[in-house]
Number of protein chains: 2
Amino acid sequence: MNEFDLINKYFNFPTVYADLGIGDDAALISKNKNEFYAISVDTLNLNHHFTNTSDPFYLGWKSLAVNISDIVAMGGIPRYALLSLSIVKPDASWLSKFAKGLRACAKKYNVELIGGDTNKGSPSISITIIGDVLKKSVLRRDKVQVNDEIWLTNEIGYAALHFHYNKIPQKNRQAISSYLKKSAHENFIKPMPPLNFIQKAKNFINGAIDLSDGLAGDLKHISLKNGFGAEIYIDKIPMHKWFRENNFYELVLTGGEDYQILFTSHKKNHNKINNLLKKLSMTGAMIGYVSNKKRIQYKLHGQPFHLSKDGFRHFG
Amino acid sequence: MNEFDLINKYFNFPTVYADLGIGDDAALISKNKNEFYAISVDTLNLNHHFTNTSDPFYLGWKSLAVNISDIVAMGGIPRYALLSLSIVKPDASWLSKFAKGLRACAKKYNVELIGGDTNKGSPSISITIIGDVLKKSVLRRDKVQVNDEIWLTNEIGYAALHFHYNKIPQKNRQAISSYLKKSAHENFIKPMPPLNFIQKAKNFINGAIDLSDGLAGDLKHISLKNGFGAEIYIDKIPMHKWFRENNFYELVLTGGEDYQILFTSHKKNHNKINNLLKKLSMTGAMIGYVSNKKRIQYKLHGQPFHLSKDGFRHFG
């Protein structure tokens, strides 16, 4: 049973006052006439999301960045964060570096840490993020429309390449340049949610989701969950050429932790989005369509491509 | 180093936009002309706040109740909650009971669960709570005034009695009635923050704090931290007679997890508060004064009473 099934089965209590409850990247509650607050929480646990040897600076960065990603995916601007940190015992050097990384990310995205709580326990970092979202341009998963184009920000696959590096056969590993290895590591430890791009593009976007679990898994949440399907052209997915040359498409499609944004848009906005990408010197591409068939079809060089698994699952 | 020192040393980044950052029961951010949102997060960890044998229904209740307590202490009305739950593997029976307890507490206090996140990891429950607070009657720790009366809602000591039951010498334990034992257990597993009373009393209150760490420890946060002190009359503290008859005052003063509210008020409101307690058929009492001496003095039967320790600490 995966995260979504668990939440839906046990914790999807009905909401009356909230503008949006469980089921999207963030919940929405009223702020003022024109804005919602978007709120989300994400937790990183020892031995599941980080290890005792994880660099505390980048762990601080990533803990906040993965939450910022949820607000970005709602079309919002992250504003405030609360930290709940569990540690076995205080380690001044670790705490100082972790706080520096958290602060660096907070500064980069202009987020204020407004609440904190430390607890004795198995190491765990839980962050709550709060952002502003304009009501007229909130990006909800359920606003996806049939025939929408499906877009992706930046290149994906790097974080998964870093995470699974040791499992890659020697013959493929030899072809990984030191530059690619470094980029993969950097993308894994220091995700950079595309806030600026989504803010500028939000009026062209129908629905959006952040890629935390992997393209294949997250795609389901904005297609199948809405009663739609999708047709994805793997040739169009922005990725480093190593993945193509080594036929590692599955890693790109199912590897998580990219924290890029998958969004859908009416085809009339196609040129506007491409122009915006160009203006911001950003990679990104239209990778397929929302279809009215209730399944996700991948195509590679014009032929059907079948996945052997469907993305990272929290609970296998 | 305790929780407050840790947070202050590493995570007390300056805030510009938030109306109140780290350092109170909850942070405050703007909502509308008349209201703030108060936001707080609390985490319960396995083997520190609960065990593998803890009843999941009451664990669900308590996880939310301890967060509601933070909003109550700000003079707010809890509205929304987000859950981040870490578990080793999904156990349908446990999850179902936990969700029922959480839902029972949510229903009792009219709180909506609007966000959720489940993760693989050492069992841990992190809840974020959001409440409405009227700007004109927000209760902040730093609004305490010299010569304020110090009040307490309900009786305290029950939760600590339950928690430390096995450490109580046999001769004292014999005097614990089955009724007291049951009350102690109920107070520990099912805290009931006094929302209704505080909402009705808030205009008479200067500063407030919830008793999570114990009266002695929490008292420091609204007296010493403000540059003040306090004089506390132990004879006036509402507690079960067993504590008095067995001279177990220290357990009452330093035992945590009561989730009652300690508040201060100008003496002109004394009768109004007493009348309100009577009207609501509630226990509660004025237990001392805020003094301009920078120390906390306890008196028992008119004599100084010295504590051997100063309340529960997260990190000894």
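Visitor: How many residues of chain A are in contact with chain B?

Guide: On chain A, 54 residues are in contact with 54 residues of chain B; contact means that the C-beta atoms of two residues, placed from the backbone, lie within 7 Å. This is a predicted model, in which local features need pLDDT of at least 70 and side-chain atom pairs count only at pLDDT 80 or more, while totals for chains, interfaces and linings use all residues. Residues are numbered from 1 along each chain as its sequence is written, and chains are lettered from A and ligands numbered from 1 in the order in which they are written.

Visitor: Which gives the most?

Guide: E4(A) does, with nine residues.

Visitor: And how do the residues on that side divide into nonpolar, polar and charged?

Guide: There are 25 nonpolar, 20 polar and nine charged residues on the side of chain A that touches chain B. Ala, Val, Leu, Ile, Met, Phe, Trp, Tyr, Cys and Pro count as nonpolar, Asp, Glu, Lys and Arg as charged, and the others, Gly among them, as polar.

Visitor: How does E5(A) pair with E2(A) and E3(A)?

Guide: E2(A) and E5(A) pair in the antiparallel sense over eleven bridges, and A:Asp42 stands opposite A:Ile127 there. With E3(A), the pairing of E5(A) is also antiparallel, over nine bridges, and A:Leu85 stands opposite A:Ile125. Two strands pair if DSSP finds at least two bridges between them.

Visitor: What domains is chain A divided into?

Guide: Domain 1 covers 3–137 and domain 2 covers 141–305; the bounds come from an automatic or database domain assignment. Their centres, taken over C-alpha atoms, are separated by 23 Å. In chain A, 17 residues of domain 1 are in contact with 18 residues of domain 2.

Visitor: Where does the largest share of the domain 1 side come from?

Guide: Helix H2 (residues 56–73) of chain A supplies it, with ten residues. The domain 1 side divides into nine nonpolar, three polar and five charged residues.

Visitor: Over to chain B. What is the strand order in the open sheet of seven strands?

Guide: The order is E7-E9-E6-E10-E8-E11-E12 (chain B), with mixed pairing. Strand E7 (207–210) and strand E12 (303–305) of chain B are at the edges with a single partner strand each, so one side of each has no neighbour in the sheet. From one strand to the next the twist averages 30°. Axes are lines fitted to C-alpha atoms, for helices over the stretch in contact, and angles run from 0 to 180 degrees between N-to-C directions.

Visitor: What about E6(B), which strands does it pair with?

Guide: Strand E6 (residues 149–153) of chain B and strand E10 (residues 284–291) of chain B pair in the antiparallel sense over five bridges. B:Ile150 has B:Gly288 as its bridge partner in E10(B), and B:Leu152 stands opposite B:Ala285. E6(B) and E9(B) are antiparallel too, over four bridges, with B:Glu149 opposite B:Ser265. Four of the five residues of E6(B) are buried, so E6(B) is largely enclosed by the rest of the structure.

Visitor: Which residues are buried in H6(B)?

Guide: B:Ala184, B:Asn187 and B:Ile189 are buried there. The buried residues of H6(B) pack against helix H2 (56–73) and helix H4 (158–163) of chain B.

Visitor: Last one: where is B:Asn110 found?

Guide: B:Asn110 is in the loop between helix H3 (92–108) and strand E4 (112–120) of chain B. Its phi is near 60°, a positive value in a residue other than glycine. Most residues other than glycine have a negative phi. B:Asn110 is exposed, with 12 other C-beta atoms within 10 Å.

Definitions and conventions. Buried ≥ 20, exposed ≤ 12 C-beta atoms within 10 Å, placed from the backbone. Helix = DSSP H or I, 4+ residues; strand = E, 2+ residues; numbered from the N terminus.
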